[in-house]
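Work through the exercises below with the structure in view. Each task is followed by its solution in steps.

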Amino acid sequence: MIRIRDLTFRYGGKTVLERFSADLPDRGITALRGPSGCGKTTLLRVLAGLARPESGTVAGVDPGKTAVLFQEDRLLPWRTVNQHIADVLPKERRKEVTRWLAFAELEGEGDSYPASLSGGMARRLALARCAALRGELLLLDEPFTGVDEARAVRLLDRLREMGAPVLLTSHQSGLLDRCDAVLSLDGPPLRVL
Amino acid sequence: MSPDAWKRAVKAVVPPVFWLGVWQLAALLVGRELLLPGPLAVARALCALAVTGDFWLSALMTLLRVFLGLAWGTAAGVLLAFLTHFSPWAAALLSPAVKVVRATPVVSFILLVYLWVVRAAIPAVIAGLMVLPVIWGSMTAGLAAVDPQLLEMARTYRFSRLKTLRLIYLPSLRGHFTSGTLTAFGLAWKSGVAAEVICPPAMAIGSRLQAARLALETPELFAWTLTIIALSLLLERLLRLLLERGERS
């Protein structure tokens, strides 16, 4: 169980988290559902160790062993699809590039650059790059933006097969039904409904 | 020839012909070759120079000095930019010094460096000193503009420092490096030749320029000046091609 207790985080004078507490499952796929700007991304960033809260504690997460998919794709315009995957793989796992291209259904795009990919393809590449990191916990911020629902369902199934716990944010109700747990949130400041 | 091709040809030919005409007219009006030789007299002087080995050796040695200055100035500028970007202490210590170098007139530098350095090395030292702040400024701006989201991604995905440098910093800095180097080349060329004029080394365009002035050989003075301009334009174009090819790859 990931235990979040009394987290407070302010950004630019705005209180995003105020003594926020919640227990999140540490297995399966858990979705965080809530309106835009309610603080879901901030919560993921705190769990990943990318944002430091003013106060509060998080137990059950090692930020150094998480794999984060950012809200933006953050691809490198000068690297090909193949290179994006290879860049996060250690030398002994470089042969896995093809496997991760298949994961993202990007076979045949290995030599393409991000500029020639559609929004959905770029998102799938960013997701495959994150999944290839094999984090102990996957923190995915809107992983299926621009991805059609049928494909998103397949990607969700592949993430489940990987076995690592996944915490994701999403607005797509069809996908939320397929998650193991859904936490409904509102804010700011973030609160559990 | 299509009408468009005609238009292009006219546009290419008319401006130089016009300015050559203005030059010739001005030379006729002045009427003294010592003060203003006409284009034909300069062309004759240039042809006479071009058949001598001394001309080509002087041009080659000047090129060598300028490129040497460009090389060390660029290397030092890049190194200092990284140092001042990543270390607040280095920034506090070195940034004012680089700004002073940028603000100092080239002539002051030439005369000062003349006190400390052997004559043959002065043009390269001066060219490098002019290049350094330009490259530093360009690279500092480039480093500040590197996408922080990509850097955060690199940290989060546990890229090593070397990998972050190779995959994020260097590709992000290419445009700044290209524009900085092209600007710096123009400065290196002009300041290098100026240093050669003030502290003439054995084989140099600047030395020949100075010798022509002292001998009152005005057509030769013009011929050397034309050589400087032509070489500068040619080399800048070559450098641009080279840098842009590097950027594309």
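Helices here are DSSP runs of H or I with at least four residues, and strands are runs of E with at least two, numbered from the N terminus. The model is predicted.

**Exercise 1.** State how many helices and strands chain A has, and decide why it can be called as compact as a globular protein of its length.

Solution. Step 1: under that definition, chain A has six helices and nine strands. Step 4: along the principal axes, the C-alpha atoms of chain A fill a box of roughly 50 × 35 × 30 Å.

**Exercise 2.** Find what share of chain A is buried and what share of its accessible surface belongs to carbon and sulfur atoms.

Solution. Step 1: of the 193 residues in chain A, 51% are buried. Step 2: the accessible surface of chain A is about 8,700 Å², and carbon and sulfur atoms account for 48% of that surface.

**Exercise 3.** Describe the open sheet in chain A and explain why its edge strands each have a side without a neighbour.

Solution. Step 1: the sheet has six strands in the order 5-6-7-3-8-9, and the pairing is mixed. Step 2: strand 5 (66–69) and strand 9 (191–192) stand at the edges with a single partner strand each, so one side of each has no neighbour in the sheet. Step 3: within chain A, strand 3 (residues 29–33) pairs with strand 7 (residues 166–169) in the parallel sense, over four bridges. Step 4: A:T30 has A:L167 in strand 7 as its bridge partner.

**Exercise 4.** Locate the cis peptide bonds at A:P188 and A:P189.

Solution. Step 1: the bond from A:G187 to A:P188 is cis, with omega near 0°. Step 2: the bond joining A:P188 and A:P189 is also cis, with omega about -10°. Step 3: A:P188 lies in the loop between strand 8 (181–186) and strand 9 of chain A, and A:P189 is in the loop between strand 8 and strand 9 as well.

**Exercise 5.** Is A:E105 buried or exposed?

Solution. Step 1: A:E105 sits in the loop between helix 3 (97–103) and helix 4 (119–132) of chain A. Step 2: A:E105 is not a glycine, yet has a positive phi of about 55°. Step 3: buried means under 20% relative accessible area. Step 4: the relative accessible area of A:E105 is 17%, so A:E105 is buried.

Definitions and conventions
Residues are numbered from 1 along each chain as its sequence is written. Chains are lettered from A and ligands numbered from 1 in the order in which they are written. This is a predicted model: local features need pLDDT of at least 70, side-chain atom pairs count only at pLDDT 80 or more; totals for chains, interfaces and linings use all residues. Side-chain values use heavy atoms; hydrogens and water are left out. The radius of gyration is taken over C-alpha atoms; the globule rule is 2.2 Å times the number of residues to the power 0.38. Buried means under 20% relative accessible area, exposed over 50%, partly exposed in between (1.4 Å probe, protein chains only). Accessible areas come from the Shrake-Rupley method with a 1.4 Å probe; for residues, only the protein chains shown count as cover. Two strands pair if DSSP finds at least two bridges between them.
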